[in-house]
Amino acid sequence: MAKLKAKTIVMDGYIKWARLRTSEMDTKFVPDGQYNAEFYPEDQENLDKIMSEAKERGKKIALKDPYDGEGFGTGKYFKIYRNHVNRSVEEFGGPPVVFKMGEDYEGIVKRWDFETDGLIGNGSRVRVKLVMYGEGNMAGHRLEKLGVLDLVSYVPDAGMASGF
């Protein structure tokens, strides 16, 4: 069997618990840092894009139910991620590129600025560009880009801000 080349997959869906900036990346479970989020495919067609590619590579994508009962799109999510440090190819590391897209931005694609545009809240509709690579237990995916189609602004919980 010929070795499979990396494949780009573009999907629309919803995002939850987005950690897309260096200041909020996961260092608890990934010491070198990881940018990640829960991604809820918008519909079965979008879900099938990654599931069929994963199946071809002998990889199973873990679809999960939202622990808080608040799902979007298909109602199930999988984790999308990008490592802060890629030891093999340096440009595969670092934060994913985030863009403004969609009607809210008059069809003009521009880089997202977290300082002026704000944080991306749960339920925001997005378009993700993932790269699926490898085979078998070495198969995986990497978040390349994320476009915000319809923003749900992140609003911190007042109780959480005070610590109680």
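How many bridges join β2 to β3, and in which sense do these strands run? There are 6 bridges between them, and the two strands run antiparallel. One spot to look for is N36, whose bridge partner in β3 is Y81. Keep in mind that this is a predicted model.

Now zoom out. β2 and β3 belong to an open sheet of 7 strands with mixed pairing, in the order β3-β2-β1-β6-β7-β4-β5. β3 (78–83) and β5 (110–111) are the edge strands: each has a single partner strand, so one side of each has no neighbour in the sheet.

| Strands | Sense | Bridges |
|---|---|---|
| β1 (residues 7–19) and β6 | antiparallel | 9 bridges |
| β1 and β2 (residues 34–41) | antiparallel | 5 bridges |
| β2 and β3 | antiparallel | 6 bridges |

K7 has M132 in β6 as its bridge partner, while G13 stands opposite P41 in β2. Helix α1 (residues 44–56) lies across β1, β2, β3 and β6, and runs at about 115° to β1.

Is V128 buried or exposed? V128 has a relative accessible area of 1%, so it counts as buried. Beyond its close sequence neighbours (within four places), V128 is in contact with I9, V10, M11, F39, I80, L143, K145 and L146. Take K145: V128 and K145 are 17 residues apart in sequence, yet 5.8 Å apart in space, C-alpha to C-alpha.

Conventions
Residues numbered from 1 in each chain as written. Predicted model: local features only at pLDDT ≥ 70, side-chain atom pairs only at ≥ 80, totals over all residues. Heavy atoms only, no water. Buried < 20%, exposed > 50% of the residue type's maximum accessible area, 1.4 Å probe, protein only. Contact = heavy atoms within 4.5 Å. Pairing = 2+ DSSP bridges. Helix = DSSP H or I, 4+ residues; strand = E, 2+ residues; numbered from the N terminus. Axes fitted to C-alpha atoms, helices over the stretch in contact; angles between N-to-C directions.
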